[in-house]
Amino acid sequence: MNSGYYPKIIGFLCNWCSYAGADMAGTSRMSYEPNIRIIRVPCSGRVDPILLLKCFQQGADGVLVSGCHPGDCHYNEGNYHARRKFALLRDFLDYLGIGKERLRVEWCSASEGQRFVDKVSSFTKEMAELGPRSES
Amino acid sequence: MDSELIQQIRNQARDLLESGTVKGVIGYERASDGLTARPAFAYEPAAVERLIFDETCTHNLVIYLRDKKAEKMAIVVKPCDSRAINLLLNEKQIKRETLFIIGVTCPGVVETSWNYKGQTLQARCQTCQLSKPLVYDFLVEREPVEWPKAVPYLNVQEMENKSIAARRGFWLEQFERCIRCYACRQVCPGCYCPECFVEQLDPLWVGIRIAPKENELWQIMRAFHLAGRCIGCDECERVCPVAIPLSLLNQKLEKKVKELFDFQAGLSPEEQPPLATFKKEEKLGFEE
Amino acid sequence: MNLYISRDDLMRWLAQLLRERILLAPVRVEGLILFQPVSKVEEVALDFANTTLSPKEWFLPPTETLFSMQRNDGQPQLVPSMVEKDVVIFGLRSCDAKGIALMDSPFLREPADTLYQERRTRTSLIGLSCRQAQPECFCTSVGSAPNDSSHVDILLTEIEDGYIVQVITDKGKALLPQALVESEEALPPPPELQAVPTKAVTQAVREFFNNPYWGRLADRCLHCKICAYVCPTCYCFDVRDYFNKGNLERVRSWDSCQSAGFTRIAGGYDPRATKGARLRQRFSHKLLYFPEEFHDIACVGCGRCVKSCPVNIDIREVMSDLEQLEAKSGS
Amino acid sequence: MVLENPFIPYLATLKSAVGLTPDVKLLRVQLEDPAVRASFDYKPGQFALLSAFGEGEAPFGIVSLPQRSDGLEFAVRRIGTVTRALHELEPGDVLGVRGPFGNYFPLEDYVGRNMVIIGGGIGMAPLRPVINKILEQRDDYGNLLIINGARTPQDLVFAPEFKIWMEAPRTKLQLTVDRGDESWGERVALVPAVVKEVAPSPDNAIAITCGPPIMIHYTLAVLKELGFKDNQIVTTLEAKMKCGLGKCARCNVGDKYVCQDGPVFTLEQISQFLEQP
């Protein structure tokens, strides 16, 4: 990582898939960047945009929302709603000059520990390259 | 001022009040500057003589329906305002049967503020595609007025074309000026939550500080809560006492909603709003 | 005899003032005129009617920290906020100066609001008479005047190529530059203003407190807080705690009696639940409670609320309506 | 000159927190500075603003008596953010106290009178020091009738003190709840109905009442029916409050400030308010 800068990343992980995926990564002793602070949520559809904005307000450099693959939602359609919501929000964040890159949305199942690790690592790398948010 | 049109509004209002069809009529009257218009409530037949309509009738009167749910009201509605009626019908906030809609075909509304009546049409009128209200019980007839339509979203595109740093700087400067008077919310037909997130104490989302970070959170969420719901009346921007270009936020979301979901709010009382529905097959730019 | 200062000398004087202290002056921002700290005198707007927001924000800021908690060896200590620097406000209109004087009544009475008091002590006011009245102005109806010098330290009045300088207080005297010439020039007459009836309003609010008038007026009110926030004399506030980088701060911010829930107590009961009662509170505080407590009505006739209310709730109209109700009931 | 910033509370330590009901705790608070402790004098009916640092401040009636208690006592019902934070404090924790504020029940003026105390729910809090003061100077007053209601038997705030109250000379305690349970042997009725049934005589009497707005509303009507004059009925008002200094204008009821002119008012005074609380 460049010049000792550690981006602060908040991850909202769906309890039914990505959280278990992260857990699996841990128990399988896969390693990934320690920058991410994980918050377990019942569904990616539960992640209200204000939670993300609150993260940015409080100094997060990037926010990851990770839920079940479309079609696999524990509640049938939570992630479909999340997809629409975050597609719009990402574009809006860009417009506001916060940057769409800073909101990452991923689909990751409970068995995809490696996928989770890869996604977190690539997101961390991207955030590190982007540098800190100027005002935080 | 079109006196024949006004006479039609007054006659209709008087009939409705005299016959007891409605409890009151929400329309426009002359403001204290003797020049522009303000919202007016008429409860007695004699009061309809105060009602007017002209190119300064900018207010979207539909907001007042949220205080008048108990009794049947008549309301004067421009084509753009009728989208707010559809929005509220769609979201089950008002009942069609407690409304009598006096629709007016609109000559366009000019830039106006207290004691100021401009020459140019408001930006929203320049791109308006509606020639008459989408929903009404009585239509005030008049010669249709045509004017050249401008290309929509030009100012949004201009903003999109700026660098990310420039956009950030621009918005921070705008939000810093916000004094959190909430006029933008109060005047918005889509903002009707009994308790707004911004004033919620438990959990405390935003808090009382009138300061850049809190203002930003407020303004972003205000706009986002209207994503796919904003009917483009621009009243929030008109009322802002510190000249924050709020429409530039709302229109950005409107534009994106149109692009992604081919939807515009308030055109139908039935169509599902885009954030209340989904298509399984859409990807929306996210890798699966 | 009055003093005279040319426009160029005024600029030099302001430049000198801003080296020594914070200079707040009218500045153009996006079509608005706002009192802001200036870094160069060129930013100062001289040709303006009045500022969009009143200068009260420099005495009762939209948000300020009342005190913060620090820990000394683990022992909590409450540290009051301090006012750091001397301030000069330039370009104050007489109506706004009176607004500050009115705010003094609640804030300086015992126990004094120390932050307000400190700001008040450390701020000097250079007024600028109005040579032109605006359609919304009515200061002469509420005990002030376009050239009222009672509440400023120095009052400037524009004449052809410069300003007549009236030094009102010792605080003002201390600010004066050296190169001022005495002037024979007579003060120009102030502009004429419309008259708004105010004689019976206080009595009328009391008498017609339960009149349906208030509910009808509130029909079109949005219950936003614009009128309160642009007003030079509205001073309601809210207080909460915040953590700022781990340090606890008790913060106060502007609030207004117009917001829903302003008086709602824990458990949900709200003694002032209707829109009519909330709007009535605004006018009764200004026109009845404040004068009963502090003599003057809490309106300085600046017309900001008239101008910026999105639905034209016009205090002048309210006052004449009340006078009319009073006249009718008397006859 | 260093001015005393009136927003800065006295620092205090929570000495004990005892659950009185499922949602009411009795907080005993000791001011840290011994000099302040010695000079902090107050009377029944006065209140203080308690700070739960990190949340904010809220007003509470002081339920102790200055001479009797080691420290200040407050009965705090968990109902909002500040009260929740106060409930979460543990003995030894720091909190803030500003006060005492407001006027008080003019008990000296009531010497020789029969006293009727009517309280509902947490509304008993400001009445407790009144009762204890009367009991302390029992000979100065006539008969004492206490009517105390709550939603359920578990919600009767000062239950541990009922025995003392009941056994005091010339004192009667009438308890009532909205909903009883198997073990409940007293009344199941609303407070105003109990007042009507017990029908205290207005002769040479003073009635002091406090409780939820709706209870007060109907209780006042009953008292008037019984012949109590407006100047024989005293109540204490609850209002949203931020400064306690007559500045923030939040506790404005008509031209009165609850924090300065109140919280104690006779019905005679209240009926002359422009705006009804």
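**Note on the predicted complex**

1. Chain C is divided into domain 1 (2-183) and domain 2 (201-330), with bounds that come from an automatic or database domain assignment. The C-alpha centres of domain 1 of chain C and domain 2 of chain C are 25 Å apart. Their contact takes 31 residues from domain 1 of chain C and 26 residues from domain 2 of chain C; two residues are in contact if their C-beta atoms, placed from the backbone, lie within 7 Å. On the domain 1 side, strand E4 (63-72) and helix H2 (94-108) of chain C each supply at least two residues. Helices (H or I, at least four residues) and strands (E, at least two) are DSSP runs, numbered from the N terminus. By class, that side of domain 1 of chain C has 14 nonpolar, 12 polar and 5 charged residues. Ala, Val, Leu, Ile, Met, Phe, Trp, Tyr, Cys and Pro count as nonpolar, Asp, Glu, Lys and Arg as charged, and the others, Gly among them, as polar.

2. This is a predicted model, in which local features need pLDDT of at least 70 and side-chain atom pairs count only at pLDDT 80 or more, while totals for chains, interfaces and linings use all residues. Residues are numbered from 1 along each chain as its sequence is written, and chains are lettered from A and ligands numbered from 1 in the order in which they are written. The predictor gives the complex an ipTM of 0.92 and a pTM of 0.94. For chain C the average pLDDT (the predictor's confidence in each residue, from 0 to 100) is 93, and 99% of the residues score at least 70.

3. Leu187(C) is in the loop between strand E10 (181-183) and helix H5 (201-207) of chain C. Leu187(C) counts as partly exposed because it has 14 C-beta neighbours inside 10 Å. A residue is buried if 20 or more other C-beta atoms lie within 10 Å of its own, exposed if 12 or fewer, and partly exposed in between, with C-beta atoms placed from the backbone. Leaving aside neighbours within four places in sequence, Leu187(C) is in contact with Thr157(C) and Ile164(C). The C-alpha atoms of Leu187(C) and Tyr163(C), 24 residues apart along the chain, are separated by 9.7 Å.

4. Chain A has 4 helices and 4 strands, in the order β-α-β-α-β-α-β-α from the N terminus on. The radius of gyration of chain A is 14 Å, close to the 14 Å that the globule rule gives for 136 residues, so chain A is as compact as a globular protein of that length. The radius is taken over C-alpha atoms, and the rule is 2.2 Å times the number of residues to the power 0.38. Of the 136 residues of chain A, 53% count as buried.

5. Between chain A and chain B, 26 residues of chain A are in contact with 28 residues of chain B. H3(A) gives the most to the chain A side, with 11 residues. That side has 14 nonpolar, 6 polar and 6 charged residues. Chain A and chain C do not touch, their nearest C-alpha atoms being 10 Å apart.

6. In helix H5 (residues 191-198) of chain D, Val191(D), Pro192(D), Val194(D) and Val195(D) are buried. Seen down the axis of H5(D), the buried residues fall within an arc of 160 degrees, so they line one face of the helix; the arc is that of the directions from the helix axis to the C-beta atoms. Ala199(D), with a positive phi near 45 degrees, follows H5(D).
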